[in-house]
Amino acid sequence: MNNLTSVSIITANFNSANFIGDTIESVLKQTYTDWEWIIIDDCSTDNSVEIIKKYTDSRIKLIVLEKNQGAAIARNYGLKNACGRYIAFIDSDDLWLPNALEKRINFLKQNNEKAVYTSYKRVDENLNPCLADFVAEDMVSYKRLLFNCPVFISTLIYDSNKTGKIYFPDVHKREDYAMILNLSKVIGKFRALNLPLVIYRIRQNSYSRNKWLMLKLQFLVYYKFLKLPLYKSLYYTTHWVINGLKKYKLI
């Protein structure tokens, strides 16, 4: 692959006007500077695009879709246009600490790894800590991922020279998980860098807070996307619920 830049960062944006400015500022403060950032606006109805356009850094490339197509397709537009060897993601309401790129790229190079993810901080919409840091676990396999997913998309980087570009399946509201499952089949096991390099903003009105909807969607990942038998789909969904309650300190 002939890379024009070292890292391609992918972000799908939809109506994140209240947060996208903070996200952009966090990327601009990175100590590792050899990157391009492809932001795909998925037909926002707020003033997200106007905010993004205020940033004139030539490394930021904005794609505005003419109709809303969902996060999976939006991110895939970014991947198709990505020129970097390393593929990273940041959601439009999350933040990176200044050394987030540098630490992860160094880890991949020094350990000759295909992918890495990290621990992360958990805050509310106003950036106040609301839960303890989520601690990444090392050597996460495909089988392990079936029980729940510790790999958070905004902490993930993979080496596309070793994996190829891994696109997002069009799985409703669970495209991150589906892509991570597919990536795990390529890399074997996810390596973890146990440093909280990302700030995850927990928003009260996000779809992920609708637990009944998430329960249904998670079951469909097993039953429809992975085509597991009904009893296995119910088994893994049950474990996903239990592990999710533990993750958010509800049990």
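Mentor: In α8, Met-214, Leu-217, Gln-218, Phe-219, Val-221 and Tyr-222 are buried; buried means under 20% relative accessible area, exposed over 50%, and partly exposed in between, with a 1.4 Å probe and protein chains only. This is a predicted model, in which local features need pLDDT of at least 70, side-chain atom pairs count only at pLDDT 80 or more, and totals for chains, interfaces and linings use all residues. Residues are numbered from 1 along each chain as its sequence is written, and side-chain values use heavy atoms, leaving out hydrogens and water.

Trainee: What do the buried residues of α8 pack against?

Mentor: They pack against α7 (175–187) and α9 (230–247).

Trainee: Why is Leu-230 called partly exposed?

Mentor: Leu-230, which lies in helix α9, has 46% relative accessibility, and therefore counts as partly exposed.

Trainee: What makes the radius of gyration of the protein agree with a compact globule?

Mentor: The radius is taken over C-alpha atoms, and the globule rule is 2.2 Å times the number of residues to the power 0.38. For 251 residues the rule gives a value near 18 Å; the protein has 17 Å, so it agrees. Of these 251 residues, 51% count as buried.

How values were computed:
Helix = DSSP H or I, 4+ residues; strand = E, 2+ residues; numbered from the N terminus. Contact = heavy atoms within 4.5 Å.
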